[in-house]
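This report describes a protein and the ligand beside it. Please examine the sequence and the structure below before reading on.

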Amino acid sequence: MIGLALAVILAQLPQPAPAPVAPQSDGKKLFATAKCIKCHGEDGKGDTEKGRELKAPDFTSADFQKETTDREMRSGITKGVKDKKRKVLMPAYGNKLSDEQIQLLARYVRSLGENR
Ligand code: HEC
């Protein structure tokens, strides 16, 4: 009961203004809201049902980070990725996200390789 009363009181308090978010946490948020995590997983390892089915790469692996240039990351997000039979592995986001957002996401994907 006390917990509930406290929750009611807290809910009525004015919310503090949101603190400015660092680019990396922006990228992390966008990674979730743009549904990247459906395939790539919250941790970027691709260990989701869709990710395993489509063979999404492990963004935290040193090999992925070494083999993938910034340009390839941005291009993958913008144009999507198809296999040899033109089956869509990853959808294109070029018409859904701004260049700035794509840049932010690419930087976030890169950052996943850094905090291992
Ligand atoms: C439907 C599943 C799916 C969704 C949704 C998805 N991806 Fe992917 N993504 C993949 C797969 C599968 C690959 C690997 C494609 C391949 O074989 O090269 C990939 C590859 C990538 C790559 C590497 C590109 C390259 O050239 O190797 C990046 C970066 C990436 N995704 C970021 C994102 C971001 C950011 C989002 C959200 C805006 C996203 N993905 C949403 C499935 C997905």
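Of the 116 residues of the protein, 16% count as buried, where buried denotes 20 or more other C-beta atoms within 10 Å of a residue's own, exposed denotes 12 or fewer, partly exposed lies in between, and C-beta atoms are placed from the backbone. The model is predicted: local features need pLDDT of at least 70 and side-chain atom pairs count only at pLDDT 80 or more, while totals for chains, interfaces and linings use all residues. Residues are numbered from 1 along each chain as its sequence is written.

The protein holds seven helices and two strands, in the order α-α-α-α-α-α-β-β-α from the N terminus. These elements are DSSP runs numbered from the N terminus, with helices (H or I) of at least four residues and strands (E) of at least two. Among contacts with a separation of 6 or more, 48% join residues 24 or more positions apart; a contact requires C-beta atoms, placed from the backbone, within 7 Å.

**The ligand shell**

The shell around the ligand has 23 residues, of which Cys36, Cys39, Leu54, Gly76 and Met90 come nearest; a shell residue has its C-beta atom, placed from the backbone, within 6 Å of the molecule.

Helix 6 provides the largest share, four residues. By class, the shell has 15 nonpolar, three polar and five charged residues; Ala, Val, Leu, Ile, Met, Phe, Trp, Tyr, Cys and Pro count as nonpolar, Asp, Glu, Lys and Arg as charged, and the others, Gly among them, as polar.

Methionine 90 is found in strand 2 and is partly exposed, because 16 other C-beta atoms lie within 10 Å. Beyond its neighbours within four places in sequence, methionine 90 is in contact with Gly76, Gly80 and Val81.

**The nonpolar core**

The largest nonpolar core has twelve residues, including Phe31, Cys36, Phe59, Met73 and Ile77; such a core is a set of buried Ala, Val, Leu, Ile, Met, Phe, Trp, Tyr and Cys residues joined through C-beta atoms within 7 Å. Helix 7 supplies the largest share of this core, seven residues. The buried residues of helix 7 are Ile102, Leu104, Leu105, Ala106, Tyr108, Val109 and Leu112. Leaving out residues up to four places away in sequence, isoleucine 102 touches Arg74, Ile77, Thr78, Tyr93 and Leu97.

Terms used: Two residues are in contact if their C-beta atoms, placed from the backbone, lie within 7 Å.
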